[in-house]
Amino acid sequence: MVRLIASFVGAAFVLVLGIALFGSVYGAVTDPVAATAESEYHLHPKELELASNGVFGKFDRRQLQRGFQVYKEVCAACHSLRLVSFRDLQKIGYSEPEVKAIASQWVIEQPSINPETGEAATRKNIPSDRFPLPFANDVAARAANNNALPPDLSLMTKARHDGGAYIHSLLTGYQPQSAKMLKEFPDIKTPEGLHYNPYFANLNIAMPPPLTADGQVTYADGTKPTMDQMSTDVSAFLTWTAEPNLEARHAAGFASIIFILIFCGLAWGAYQNVWRDVKH
């Protein structure tokens, strides 16, 4: 009796699932979801070749330094790197004296307390400090950016699909809306204060184009600072900030694979040796 009831309940459950599945498929076929501008015109990031790509990837230190220069001169006014310390820059090729100079000359100082008066004050950055926030708080950040909150960039390439490629495409993707798009979706005109960028999820982004012309940054190593070059370099730098131990992780992975292969070979040899006299 119990088995009969259980079978009936199971059959009823399968029937309900079948009806629900049929209803979903029938609805999708007879009443498809209306196309939206976002679904039609949102673009997938363009491929970006970085030295760190792939299982054999390694960081290009010169490129990372150029990317840091772009961040410092273009991005740092609005975007923070709150998870990165000045001394971390030694990992991308800066010497200890250079890091000290970068920290002490950074425009934004560290918040502090005057020990004599107990009032809020600031002090020069030191290598052990993390990069200071460009704004005192979120309210000040929104007030300075048309009510938009600039995100922290420390882990941005890990937080966005396609990572560095997304950053590069976004920086180089600002453009006017096409006449075809406005004709097809007349209500999608970019609102005042926003900027059209097909690589952004909803097509309109609050951040104005940060890179507007070639030569906006003068590279210390003499590399020609085209917009594409600057976008690529800062994307490489933000890839490093998000995963500074990438090279060590790759090396550990290769060491593990080699160990497993050697272990498998030894295990196979031991198996053959132990069972060599046994007839199968």
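**Reading cavities, pockets and contacts**

Guide: Let us start inside. Tyr71, Ala76, His79, Ser80, Leu81, Trp106, Ile108, Phe131, Pro132 and Pro134 line the second largest cavity. The model is predicted: local features need pLDDT of at least 70, side-chain atom pairs count only at pLDDT 80 or more, and totals for chains, interfaces and linings use all residues. Residues are numbered from 1 along each chain as its sequence is written, and side-chain values use heavy atoms, with hydrogens and water left out.

Visitor: How many cavities of 30 Å³ or more does the structure hold?

Guide: Rolling a probe the size of a water molecule over the atoms shows where empty space is left. Here there are two such cavities. A cavity is a set of points, on a 1 Å grid over the protein atoms alone, where a 1.4 Å probe fits but cannot get out; a pocket is an open set with protein on both sides within 12 Å along at least five of seven lines; lining residues have an atom within 4 Å of a point. Volume is the space filled by probe spheres set on the points, which are joined across faces, edges and corners.

Visitor: Which residues line the largest cavity?

Guide: Leu50, Ala51, Ser52, Lys58, Phe59, Asp60, Gln63, Leu64, Ala236 and Thr239. Helix 3 and helix 9 each give at least two of the lining residues. Helices (H or I, at least four residues) and strands (E, at least two) are DSSP runs, numbered from the N terminus.

Visitor: How do the two cavity linings divide by class?

Guide: Ala, Val, Leu, Ile, Met, Phe, Trp, Tyr, Cys and Pro count as nonpolar, Asp, Glu, Lys and Arg as charged, and the others, Gly among them, as polar. The largest cavity has five nonpolar, three polar and two charged lining residues.

Visitor: Lys58 lines the largest cavity. Is lysine 58 buried or exposed?

Guide: Lysine 58 counts as exposed because its relative accessibility is 57%. Buried means under 20% relative accessible area, exposed over 50%, partly exposed in between (1.4 Å probe, protein chains only). Lysine 58 sits in the loop between helix 2 (37-41) and helix 3. Beyond four places in sequence, it is in contact (heavy atoms within 4.5 Å) with Ala51, Ser52 and Glu247. Lysine 58 and leucine 246 are 188 residues apart in sequence, yet 7.7 Å apart in space, C-alpha to C-alpha.

Visitor: Now the open spaces. What is the volume of the largest pocket?

Guide: About 680 Å³. Its lining has 28 residues, and His79, Pro150, Pro151, Ile205 and Met207 lie nearest the centre. Helix 3 (61-75), helix 7 (163-172), strand 4 (204-205) and helix 9 (227-242) are the elements giving two or more residues to that lining. Helix 7 provides the largest share, four residues. By class, the pocket lining has 21 nonpolar, six polar and one charged residues.

Visitor: Asparagine 204 is in strand 4. What does its side chain join to?

Guide: Threonine 190, through a polar contact of 2.8 Å between the side chains. A polar contact is a pair of N or O atoms within 3.5 Å; within protein, one must be able to donate a hydrogen and the other to accept it, and residues adjacent in sequence count only if both atoms are side-chain atoms. Asparagine 204 has 12% relative accessibility, so it counts as buried. Residues it touches, beyond four places in sequence, include Gln177, Ile188 and Tyr196.
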